[in-house]
Number of protein chains: 2
Amino acid sequence: MLMPRKPAYDREALIAKARDIFWRQGWAGTSLKDLERELKLKPGSFYAAFGSKDALYALTLESYANEGVARIKALAENLGPKEALKAQPRLVIEAIENPTKACMLAKTYAELQAKDHELADQAARHMAEMKACFAELFRSAQDAGDIRSEHDPDRLAARYQSDILGLRLSAERKDVNALEIAADIASDIDRL
Amino acid sequence: MLMPRKPAYDREALIAKARDIFWRQGWAGTSLKDLERELKLKPGSFYAAFGSKDALYALTLESYANEGVARIKALAENLGPKEALKAQPRLVIEAIENPTKACMLAKTYAELQAKDHELADQAARHMAEMKACFAELFRSAQDAGDIRSEHDPDRLAARYQSDILGLRLSAERKDVNALEIAADIASDIDRL
DNA sequence: TATATACTTGAGCGATCACTCAAGAAACCC
DNA sequence: GGGTTTCTTGAGTGATCGCTCAAGTATATA
């Protein structure tokens, strides 16, 4: 049993780096050359490590979605469900570490759905997962008496997620004050 | 002075056809081969007619934006400003003639902004134009006494446009009831 | 240190990209 | 019908696409 050399790179770090590139530039907008340059991997190493451009994209989607779910759940842990839902819009457009404001799942879905690309389905599944997560928070807020029980939590979640997708797209524009929109989305929740 | 033969195609019809392809598949997702096949133009004719892929895309954006502005203005003419704003969300996701639900301006901006592509700027200008159009309707509705004057019409317009962008993206998903979201957006206007 | 194993390198594959251009076909005025 | 001009055609351009693979290099165990 011989143990040969280990890779010189940090796999998780590379996936995070690739995620930022795909997130900003999209699937077709990112070439292997782009990835090789930014990840500092020659073609051979790239394919040994990840198999294909699509396989790496899938890994970055997974990473993106997991972080998103973890963030909202941590927020709910700290602030409670209603305040978490109110805080999320502002936080998501103020996150300075993001390479772009718009949601990567939404961008992926919009770009690849017409091609029936598997990555579009994967993005759609993750968006459904996020929506279910929001619905859970609305339900908890209702249980806590913070939101009137006459509302359907699934419907609230669908509207809330839709608003956030719009907000995050709007946040990329220079002629839009996204903070005002975020504040208005949050104040809508107080009226439920 | 001699007058030679005329083109065999209807230029406006070709632009409309190209618009639907670009709208569905995006900029990078549409190849010259796609366009040549759908428009039934050989490369030579294509370039004689439109100059370049980007030039044709620009023409389709112009066409798309003009139709959008015309539609909302016609709606306001018929229903008045407030009812036009309330009707628009449902109409835009029910339009059966559209190749896809999401807004072409938003898709273009999202895809090409990171590349600093001129087409992204053009899309952004048209979105700003639409927003101004919405603001004008909110102002008219206030003048008519249908919306309380304490609201800032520009802010209402930004939020409304953002909601519609989210709605139209959501309308592409199978797990979302976009009609409910559209109804909720409309009923928000009644509370202003 | 010798050897086995995996990682790294980069030239280069076929396919496709947006695009060009020369030659032939068609429609107009005289 | 003759002559001129434009439109149509499609083979073909160089560049880039995602990707392969054989050769070279580094690191582990024995």
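**Exercise 1. Burial of A:D34**

Task: Determine whether A:D34 is buried or exposed in this predicted model, and state which residues it contacts.

Solution. 
Step 1. The relative accessible area of A:D34 is 15%. Buried means under 20%, so A:D34 counts as buried.
Step 2. A:D34 belongs to helix α2 of chain A, which covers residues 32-39.
Step 3. The side chain of A:D34 makes a polar contact of 2.9 Å with the side chain of A:R37.
Step 4. When neighbours within four places in sequence are left aside, A:D34 is in contact with A:Q25 and A:G29.

**Exercise 2. The course of helix α5 in chain A**

Task: State what distance helix α5 of chain A reaches from its first C-alpha to its last, and at which residue α5(A) bends.

Solution. 
Step 1. Helix α5 of chain A comprises residues 81-94, 14 residues in number. From its first C-alpha to its last the helix reaches 20 Å, close to the 20 Å expected at 1.5 Å a residue.
Step 2. α5(A) bends by about 35° at A:Q88. A proline, A:P89, follows within four residues.
Step 3. The buried residues of α5(A) include A:P81, A:L85, A:Q88, A:P89 and A:V92.
Step 4. The cover over the buried residues of α5(A) includes α4 (53-79), α7 (118-143), α8 (153-170) and α9 (178-190) of chain A.

**Exercise 3. A residue of helix α7 in chain A**

Task: Classify A:E129 by its relative accessible area, and state how many Å separate its C-alpha atom from that of A:V69.

Solution. 
Step 1. A:E129 is located in helix α7 of chain A.
Step 2. With a relative accessible area of 35%, A:E129 is partly exposed.
Step 3. A:E129 and A:V69 are 60 residues apart along the chain, and 8.3 Å separates their C-alpha atoms.

**Exercise 4. Two helices of chain B**

Task: Explain why the spans of α7(B) and α9(B) agree with expectation, and describe the surroundings of α9(B).

Solution. 
Step 1. α7(B) has 26 residues, which should span 38 Å at 1.5 Å a residue. Its end C-alpha atoms are 38 Å apart, so the two values agree.
Step 2. After α7(B) comes B:G145, which has a positive phi near 80°.
Step 3. The 13 residues of α9(B) should span 18 Å, and the end C-alpha atoms are 19 Å apart, which agrees.
Step 4. At the N-terminal end, α9(B) is capped by B:N177, a side-chain oxygen of which lies 3.2 Å from the backbone nitrogen of B:L179.
Step 5. Among the buried residues of α9(B) are B:I181, B:D184, B:I185 and B:I189. The buried residues of α9(B) pack against α5 (81-94) and α8 of chain B, as well as α8 and α9 of chain A.

**Exercise 5. The interface of chains A and B**

Task: Describe the interface by its contacts, its buried area and its salt bridges.

Solution. 
Step 1. In chain B, 37 residues are in contact with 37 residues of chain A.
Step 2. About 3500 Å² is buried between the two chains, and carbon and sulfur atoms give 47% of this area. B:R155, B:R159 and B:R173 supply 19% of the area that chain B buries against chain A, more than any other three residues.
Step 3. There are 10 salt bridges across the interface, and 28 residue pairs are in polar contact between chain B and chain A.
Step 4. The largest share of the side of chain B that touches chain A comes from α8(B), with 11 residues.

Notes. Residues numbered from 1 in each chain as written. Chains lettered and ligands numbered in written order. Predicted model: local features only at pLDDT ≥ 70, side-chain atom pairs only at ≥ 80, totals over all residues. Heavy atoms only, no water. Expected span 1.5 Å × (residues − 1). Bend = angle between axes of the 7 residues up to and from the residue. Buried < 20%, exposed > 50% of the residue type's maximum accessible area, 1.4 Å probe, protein only. Contact = heavy atoms within 4.5 Å. Buried area = accessible area lost by both parts, 1.4 Å probe. Salt bridge = Lys/Arg side-chain N within 4 Å of Asp/Glu carboxyl O. Polar contact = N/O pair within 3.5 Å; in protein donor to acceptor, adjacent residues only side chain to side chain.
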